[in-house]
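Colleague: I'm new to this one and would like a quick walk through it. Can you put it on screen and take my questions as they come?

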Amino acid sequence: MRSCLSRAGTPDLIVRCSICSRWGTALDQFDMLVIGSGPSGRRAAVQAAKLGKSVLVVDKGRRLGGVSVHTGTIPSKTIRETVLNLSGFRERGFYGRGYRVKQDISVHDIVDRLHKTLDHEVEVLQHQFMRNMVRSLAATARFVDPNRVELTTDKEERSEVSFDYALIAVGTRPHRPDSVPFDRKRIFDSDEILELERLPRSLTVIGGGVIGVEYATIFSALDVPVTLVEPRNTILDFVDREIVDDFIHQMRDRGMTVRLGSAVKDIISKPDCAEVTLADGRVIRSEILLYAAGRTGNVASLGLETIGIEPDNRGRLKVDAHTLQTSIPHIYAAGDVIGFPSLASTSMEQGRVAACHAFGLPLPPAPEAFPYGIYAVPEISTVGQSEEDVRASGIAYECGVARFRETSRGHIMGVNSGFLKLIFAIGTRRLLGAHIVGEGATELIHIGQAVINLKGTVDFFVENTFNYPTLAEAYKIAGLDAWNRMGRG
């Protein structure tokens, strides 16, 4: 029986059909080639397919989903949710710091839920490709010229395909300096930490970025003694300072050690521990160490030198900020491989924009602001301008604050920390920024996002009714707090 990929008179690229799962021949010419099946790649592929275009997605992984599904966004968030549920961390405000739902939590407890989640994510993605007739192939892609790539499967089977447009969406991998002795026994990167065989008795995390902070606080919620080391004098420098200061206070309050402004001089893997020597002479010893200082683009195998696209020293590609085009107009790049903000949410939109631009669809104006979500313990989420940004711009402003413990819902939940901060322009009364640290921050932030992008003012929060009791009521409280200082306008 002929595969539904076959067409009479077409050359013979052998691929696995995403529609019927058979192996068969396919066109060697595609309207769009997508390299990578993470958030930006999948969104671009589906968008192009919905426009009636032929699409091939190539991913060197054995399963679809890319870094986001298998080692990045989904695994870390699944682990976080599992840890918070099993540890009883959310209920400790009521029952005390010694409270646990499950006394002896093992790696297997976490991994079982992780595998179920990943299987579901892959299944959903496969079904999405099937519905939209997107072809996919597990292979490594290497550019032969600006309109052709060579594909190599794990069985060393080689073939070539040509394309009208291509999207590079290969994601990133952990940065691994030669000076760090990674051994998967004492010293791990952020991909390898998912392969732990048991929970450590102590942990050192090098790197105060999003990944380092998330894993450090997740392990701390399991009552693992954690030391977080950041060479700079602050962490999460794109987040409002007041939010970060409160977050650091919460980490230290529950026993975490936070070393800021501490450059790392040496890292040694010993038989019984990982040892870190700081530039100031202090020595930190722990059972294992997680090195999470930066990411590098997965571009080494693409043969970009053949077509004249030059990545920077961290493997990131430069693109037009609006169209996502590289220096070769019909080749686009999106997602983490183009750098900041490196969020799954923005990556999805970048993939859609690239596909729309490639096939001539008008691009809507970009929204004024999009949210950042940091799934640490507690969560941090932010949208719009920070207080530092507003102050630097010279705009006269006022802030309103609501602390979760002062809301009825927060008291019911046993929340004893966390707050919402809103920043308003005094002249226009418009909301400029919304910043949250605490339970549910990544969900609550979308109210602030909508008001900012719809050019709403402080009066929206004062005049509207919020469900009671909810954490969202904090918007009303913070709005009134600012309104009382600003006056009626």
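Colleague: Let's start with β15 and β16: in what sense do they pair, and over how many bridges?

Modeller: Strand β15 (residues 274–278) runs antiparallel to β16, and the two share four bridges. Strands here are DSSP runs of E with at least two residues, helices are runs of H or I with at least four, and both are numbered from the N terminus. Two strands pair if DSSP finds at least two bridges between them. This is a predicted model, where local features need pLDDT of at least 70 and side-chain atom pairs count only at pLDDT 80 or more, while totals for chains, interfaces and linings use all residues. Residues are numbered from 1 along each chain as its sequence is written, and side-chain values use heavy atoms, with hydrogens and water left out.

Colleague: Which residues of β16 are on its covered face?

Modeller: I284 and S286 are on the covered face, while V283 and R285 are on the uncovered one.

Colleague: What sheet has antiparallel pairing, and in what order do its strands come?

Modeller: It's an open sheet of three strands, ordered β14-β15-β16. β14 (264–269) and β16 (283–286) are the edge strands, each pairing on one side only. On average, neighbouring strands are turned by 15° against each other, direction ignored.

Colleague: Switching topic: what is the order in the five-stranded sheet?

Modeller: That open sheet goes β10-β17-β11-β12-β13, with parallel pairing. β10 (187–189) and β13 (257–260) are at the edges with a single partner strand each, so one side of each has no neighbour in the sheet. The twist from one strand to the next averages 20°; the axes behind such angles are lines fitted to C-alpha atoms, for helices over the stretch in contact, and angles run from 0 to 180 degrees between N-to-C directions.

Colleague: How many bridges join β12 and β13?

Modeller: Four, with β12 (residues 226–230) and β13 paired in the parallel sense. E230 is opposite L260 in β13.

Colleague: Which strands does helix α6 touch?

Modeller: Helix α6 (residues 210–221) packs on the sheet and touches β11 (203–206), β12 and β17 (288–291), with its direction at about 165° to that of β12. Contact means heavy atoms within 4.5 Å.

Colleague: What about G207, is it buried or exposed?

Modeller: G207 is buried, at a relative accessible area of 3%. Buried means under 20% relative accessible area, exposed over 50%, and partly exposed in between, using a 1.4 Å probe and protein chains only. G207 is in the loop between β11 and α6. Apart from neighbours within four places in sequence, its contacts include G212, L228, E230 and A292.

Colleague: How many disulfides are there?

Modeller: The count is zero, where a disulfide would be a pair of cysteine sulfur atoms within 2.5 Å. C273 counts as buried at 8% relative accessibility, and C399 does too at 12%.

Colleague: Where is E387, and what does E387 touch?

Modeller: E387 is in helix α10 (residues 387–393). Leaving aside neighbours within four places in sequence, E387 is in contact with several residues, among them C399, D240 and K421.

Colleague: Last topic: how many cavities of 30 Å³ or more does a search find?

Modeller: One, in a search of the whole structure. A cavity is a set of points on a 1 Å grid over the protein atoms alone where a 1.4 Å probe fits but cannot get out; a pocket is an open set with protein on both sides within 12 Å along at least five of seven lines, and lining residues have an atom within 4 Å of a point. The largest cavity holds about 150 Å³ of space, with grid points joined across faces, edges and corners and the volume being the space filled by probe spheres set on the points.

Colleague: Which helix gives the most to the lining of the largest cavity?

Modeller: α5 does, with four residues. The lining has 14 residues, and I79, I110, I193, L196 and F219 are nearest the centre of the cavity.
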